[in-house]
Amino acid sequence: MNILILGSGGREHTFAWKLVQSNKLSKLFVAPGNAGTEKIATNIPIGVNDFEAIKKLVLKENIELVMVGPEDPLVNGIHDFFIGDQELKNVAVIGPEKLAATLEGSKEFAKEFMMRHEIPTAQYKSFTAETVEDGFKFLEELNPPFVLKADGLAAGKGVVILNDLTEAKVELKSMLVDQKFGAASETVVIEEFLDGIELSVFVLTDGDSYKVLPTAKDYKRIGEGDTGLNTGGMGAISPVPFASKTFMDKIEQRIVKPTVEGLKNDNMPYKGFIFIGLIKVGDDPKVIEYNVRMGDPETEVVLPRIQNDLVELLQAVADQKLSKIDLLLDDRTATTVMTVSGGYPGSYEKGKEITGIDSITESLVFHAGTILKDGKVVTNGGRVMAITSFGTDFKSALAQSYKNVEKLSFEGINYRKDLGFDL
């Protein structure tokens, strides 16, 4: 079959890398793609939210399945666009319909969903510019640290955790009144701080049955020891060493099953990936957030551990036959280290030539923010390239990733050297 991947990051390159291994694939297109996808697929310079241009491409190239990488087009209703179009309605789309995608599009919506289906999460209240004074009062009732979340999509940067009450009030005003995150922070969710260690659980569902994919732990902060600003993710490890069978059973019974059942009961059709951001508080899992697609850089460690034919898996989701498939996993640990542009997550320059890619051995190279220019691979984003390696445990896998990261070079290159420090 002919398949289209929407997106341009490390996640999309990993999906492309996995899909081209299938003999069920005829042609693979990526829009807009990057320098990594260009080597193994056909890049098409179309924006992920340009639905009309995507339609033209799908019809022209007889594309039978569209794999949606990022959250934006899902929240904007790309799946509904396909269903509502006579010429597109038989094309399979991997990713939820618009209403279900609101689980990521609105923190408040997600919290209400969790409360409705008794899914364990932190206590919370929501506020707008009109109720900012009530927000101040609610902060006074809480013990620090204070967790403030922009309700809408803020590219992974809309969550602020502060220890000082005065600072928290200033930040709340900045988000609501001064619109620090634009429309994303028209509503702000304030919630109790949960003390524990985080992990991510990924679920693939056809709306009826589901498969729990490998767990992963990613590292969001730019600085060593989880300090500094939040990023899109500086690296990841899979599986998570502390996610024992007992703990995973709790996650499945208390969180995964009620989530999939809840989507069904609320009449929110869902074919695709559910990314559940969790925290282990004592021995109990609680949900921090839902994302309605795979994570990045978690995809770079989760997909390489899945041994199934990915075209077959996605086809089973489209046909609602996922229950007939046995998930096959690589028992080894996979780790990925993300190299980023100097200055990221603040301002940074693009167009820096990347060298050393061809000298990397015994690791997988996934392009994130790259582009081909005059035959050279150059930087084209904040997160530039992820180096994924396997090992018998996370330490040996990381050692291999770091060994190869050192072979990469571009002006201003930066990466975290302490991944796994908290494990």
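Buried denotes under 20% relative accessible area, exposed over 50%, and partly exposed the range in between, computed with a 1.4 Å probe on protein chains only. The model is predicted: local features require pLDDT of at least 70, side-chain atom pairs count only at pLDDT 80 or more, and totals for chains, interfaces and linings use all residues. Residue numbers run from 1 along each chain as its sequence is written, and side-chain values use heavy atoms, with hydrogens and water left out.

**Figure 1. Helix 13 and the strands that cover its buried residues.** Helices (H or I, at least four residues) and strands (E, at least two) are DSSP runs numbered from the N terminus. Helix 13 comprises the 12 residues 394-405. From first C-alpha to last, helix 13 reaches 16 Å, close to the expected 16 Å; the expected span is 1.5 Å times one less than the number of residues. Its buried residues are F394, A397, L398, Q400, S401, Y402, N404 and V405. The cover over these residues includes strand 15 (235-238), strand 18 (333-340) and strand 22 (383-391), where contact means heavy atoms within 4.5 Å.

**Figure 2. The second largest pocket, lined by residues of domain 1 and domain 3.** A pocket is an open set of points on a 1 Å grid over the protein atoms alone, with protein on both sides within 12 Å along at least five of seven lines; lining residues have an atom within 4 Å of a point. Grid points are joined across faces, edges and corners, and a volume is the space filled by probe spheres set on the points. The second largest pocket has a volume of about 180 Å³. Its lining consists of H13, W17, G36, K39, I40, I357, L364, V365, F366 and H367. Two or more of these residues come from each of helix 1 (10-19), helix 2 (35-40) and strand 19 (364-367), and strand 19 provides the largest share, four residues. Domain 1 (2-97) and domain 3 (332-422) each supply at least three lining residues; the domain bounds come from an automatic or database domain assignment. By class, six lining residues are nonpolar, three polar and one charged. Here Ala, Val, Leu, Ile, Met, Phe, Trp, Tyr, Cys and Pro count as nonpolar, Asp, Glu, Lys and Arg as charged, and the others, Gly among them, as polar.

**Figure 3. The largest cavity and its lining.** A cavity is a set of grid points where a 1.4 Å probe fits but cannot get out. One cavity of 30 Å³ or more is found in a search of the whole structure, and the largest cavity holds about 30 Å³ of space. Lining it are M67, V68, L74, I94, G95, G272, F273, V292, R293 and M294. Strand 4 (65-68) and strand 16 (272-281) are the elements that give two or more residues to this lining. The lining residues divide into seven nonpolar, two polar and one charged.

**Figure 4. Cis peptide bonds at P32 and P145.** Most residues other than glycine have a negative phi, and most peptide bonds are trans. The bond joining A31 and P32 is cis, with omega about 0°, and P32 is found in strand 2 (residues 28-32). The bond from P144 to P145 is also cis, with omega near -5°; P145 is placed in the loop between helix 8 (132-141) and strand 7 (146-150).

**Figure 5. Positive phi at N62 and Q320.** N62, although not a glycine, has a positive phi of about 50°. N62 is placed in the loop between helix 3 (51-60) and strand 4 and counts as exposed, at 55% relative accessibility. Q320, also not a glycine, has a positive phi of about 55°. The loop between helix 12 (310-318) and strand 18 contains Q320, which counts as partly exposed at 43% relative accessibility.
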